[in-house]
Amino acid sequence: MLWACLHFPDFSLQLLLRGSRACGPLVVTTGGNRPRILSCSLEARTHGIAPGMAMSAAYVLSPQLAEHPRDPAAERRALETAAAWAGQFTSAVSLLPPAALLLEIEGSLRLFAGLRPLLSRLRCGLADLGYAADIAVAPTPSAAWLLARGGAGSTVTDPSGLEAALAGLPVSLLDQSKETTRSLALMGVRTIGECLLLPREGLARRFGQGLLDELDRALGKLPDPRPSWTAPSRYKSRLVLPAPVQETEPLLFAANRLIQELTGWLRMKQAGITRLKLNLQHEDRKPTVAILGFSRPSRDPRRILALLRERLSTLILPDRVEAIALESAEAQPLDSRNLSLFPEDRLPEEERWLIIEHLRARLGPEAVYGIATHPDHRPELAWRCCEPGTDVAAGMPVKRPLWLLEQPKRLGGDGDQPVLDMPLMLIAGPEQIESGWWDGSDATRDYFIADDGNGRRFWVFRERQGTKAWFLQGMFA
Amino acid sequence: MSALDFVLQNPTVWRGDQYAKVAVESVSTGFAELDMQLPGGGWPRATITELLLNQQGVGELRLLAPALARLSQNEKWLVLVRPPHLPYAPGFESLGVNLSRLVVVKTRSDAESLWAAERCLRAVSCAAVLAWPGCASSQALRRLQLAAEEGKNLGVVFGPTRSAAFPSPAPLRIQLTAGRNRLELQILKRRGGGWAPPLSLDVDHPACTACSEGDPEGGTTRALSACAPPYRRFQHGVA
């Protein structure tokens, strides 16, 4: 077994910083009546602000300071979505709240062509998510966790090297009570290595079996099972922006973080999505909702982002956005596709649908459609709007116009000659159509092709019953 | 051979009804007379073509139908951007257009039509884009032209006859008027220049001479032939 531990230092602060490219001084506080600072951004540090300071003192140093109270529930949710994203690297991910993930990676080494490529993929991916993580690899989960927090970047693959690697780490990293740590310090034991040199019996008598067990688990002498975390069937994630924004670009930047996370989750599921909902949350208003639809299941972050850009460019935001939330529908299996023997001889299927999606994102889903014939004798019912690309069996070839009027237009004239500005000459017909008596919109009409003497040809009909009025229904364009 | 023929054989003599044939990838129009007058021998690809007409319904779609029918055999889209009326499925089918390739785009404004047309022209997945953008400025047409160059597709923009008086960046401009049972065409501008005689086509009965020699893409590329001396090619007159 080989475990990688991703530890996110200052996780509550990272959650805010990832939402924006650049932001002013920012602190995370304890909240409550007299908030104290838990962590502060680099910018805030340059103003002389440090963790532990009272908020009132910090405001004196930097009046434009942005304050966010810590939200442990949000941190937990963010850790879970990060775990969902990490699922693409291994099937065994476990959470180490509040701010670490454990990945069992031995089984994935072959797939990713070794440890180094896998780690660099992890680092790149985390950078796309906007996280800075300390990563350590060790044969036991506890050791990986200790190494990640104590000395980032250490990679131990051989169990025999474990003791040496852990020896230099301070005992304060161990999951022991404060008293234990203090007593050890009073004894002059500051590192794990020094702790391991002490006689086991004495150590157990003085500090209990717990300390010994923890050390043994870290060294692989005791089993250390970790519950593996199961990703939910839908992706749902929220990102609080460090400062409210209304412009498209900063929103896209933040949305990209979530989209990257979403596509990691989709890769784990080996699936794509066809519907995506982005909630843009305002302070005192209902959230603005942007829904993206894909004609084919997709998990390409660039494609999703391009579509979102199109959608956001037409959206009118009533107010500044404080937080964004991305929600996916059920993931769907990706279209399987046979690779062509001769590449480039066909247009990739996704490429074909890209343009349809783009047009729909900007103009609305109903604005882009295909047409198909429908077996009905009544001309206005002989066609249907449909999804572009729908194949319908061809009907009988008859002479029909290319343009149809939305509503038949009443023509002047009576008797045998209809009039549209000038008398029309009937050059073909009549074609008698009588149908639809069963559904209430029955038609009994004589259809003619008429010429206006200027080279334009129309498709006109005369009611055979009632008023016997003439109507214009189509044009032979 | 008369003395006149002898003089005309001299390659430095240019005749007014000739135009320099340029290598343009094109799709046969399906009308042999029209193909002969168009550089590349058909509707040019990777450019926009302006069809100017005063009234809808003179036969502008039937003129394009043979080319559209051919392009629809391919898997790429044929896009109609803001058609003036509902495109009628049985009508298009009767002209041989594969309906599953046809995409209709409804827009709410001229600006949206131009955006959609430009976006479709830029996409390699569209074989042809027919747009009715209302009144398109020269600048807008220029954008469409650049987009068509990128997407290498057949772009057709319908406009009113009155815009014939104004210059346009479209390399091919044809004015359409209805004649008695026929469609009268006047090529106002084409690549290679030269004056084109007015044409009168029976759009209901395309005489498809070039249909047999197509490549699967449905296009033909005619090589440059020295029909007129090359130095006469400055005749890119703004029509």
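## A hairpin in chain B

Let's start with two strands of chain B: strand 9 and strand 10 (residues 183–189) run antiparallel to each other and are paired over six bridges. Keep in mind that this whole model is predicted. In this pairing, I174(B) has I187(B) of strand 10 of chain B opposite it. The two strands make a hairpin, with four residues between them. In the turn sits N181(B), and its phi is positive, at about 60°.

Strand 9 of chain B also has a partner in strand 3 (residues 47–52) of chain B, but here the pairing is parallel, over four bridges. Look for T49(B), which faces L172(B) in strand 9 of chain B. Is strand 9 of chain B mostly enclosed or open? Of the seven residues in this strand (172–178), six are buried, so the rest of the structure largely encloses it.

## Nonpolar cores

The largest nonpolar core holds 93 residues, and the members that touch the most others are V79(B), V81(B), C120(B) and V129(B). Which element gives the most to this core? That would be helix 3 (residues 60–71) of chain B, with eight residues.

Zoom in on V79(B): once you skip neighbours within four places in sequence, its contacts are V103(B), V105(B), C120(B), C126(B) and V129(B).

Now over to chain A, which has 14 helices and 21 strands. Of its 477 residues, 35% count as buried. Take the contacts in chain A between residues at least 6 apart in sequence: 57% of these link residues at least 24 apart.

One open sheet in chain A is built from four strands, in the order 5-6-1-7, with antiparallel pairing. Strand 5 (93–96) and strand 7 (134–138) of chain A are at the edges with a single partner strand each, so each has one side without a neighbour in the sheet. On average, neighbouring strands of this sheet are turned by 20° against each other, direction ignored.

Inside the sheet, strand 1 (residues 3–7) and strand 6 (residues 100–104) of chain A make an antiparallel pair over five bridges. Here H7(A) is opposite A100(A) in strand 6 of chain A. Helix 4 (residues 72–86) of chain A packs on the sheet and touches strand 5 and strand 6 of chain A. The direction of helix 4 makes about 160° with that of strand 5 of chain A.

Helix 10 (residues 200–207) and helix 11 (residues 209–219) of chain A pack with their axes 6 Å apart, at an angle of about 130°. These two helices of chain A are therefore oblique to each other. R200(A), L203(A), A204(A) and F207(A) come from helix 10 of chain A, and they meet Q209(A), L211(A) and L212(A) of helix 11 of chain A. By type, the residues of this contact are five nonpolar, one polar and one charged.

## Where the chains touch

How many residues of chain A are in contact with chain B? There are 42, and they meet 38 residues of chain B. Helix 14 (349–363), strand 13 (368–373), strand 15 (403–410) and strand 21 (470–475) of chain A each give two or more residues to this side of chain A. Helix 14 of chain A has the largest share, eight residues. The residues on this side of chain A split into 26 nonpolar, nine polar and seven charged.

How values were computed:
Residues are numbered from 1 along each chain as its sequence is written. Chains are lettered from A and ligands numbered from 1 in the order in which they are written. This is a predicted model: local features need pLDDT of at least 70, side-chain atom pairs count only at pLDDT 80 or more; totals for chains, interfaces and linings use all residues. Two strands pair if DSSP finds at least two bridges between them. Axes are lines fitted to C-alpha atoms, for helices over the stretch in contact, and angles run from 0 to 180 degrees between N-to-C directions. Two residues are in contact if their C-beta atoms, placed from the backbone, lie within 7 Å. Ala, Val, Leu, Ile, Met, Phe, Trp, Tyr, Cys and Pro count as nonpolar, Asp, Glu, Lys and Arg as charged, and the others, Gly among them, as polar. A nonpolar core is a set of buried Ala, Val, Leu, Ile, Met, Phe, Trp, Tyr and Cys residues joined through C-beta atoms within 7 Å. A residue is buried if 20 or more other C-beta atoms lie within 10 Å of its own, exposed if 12 or fewer, and partly exposed in between; C-beta atoms are placed from the backbone. Angles under 35 degrees count as roughly parallel, over 145 as roughly antiparallel, 65 to 115 as roughly perpendicular and the rest as oblique.
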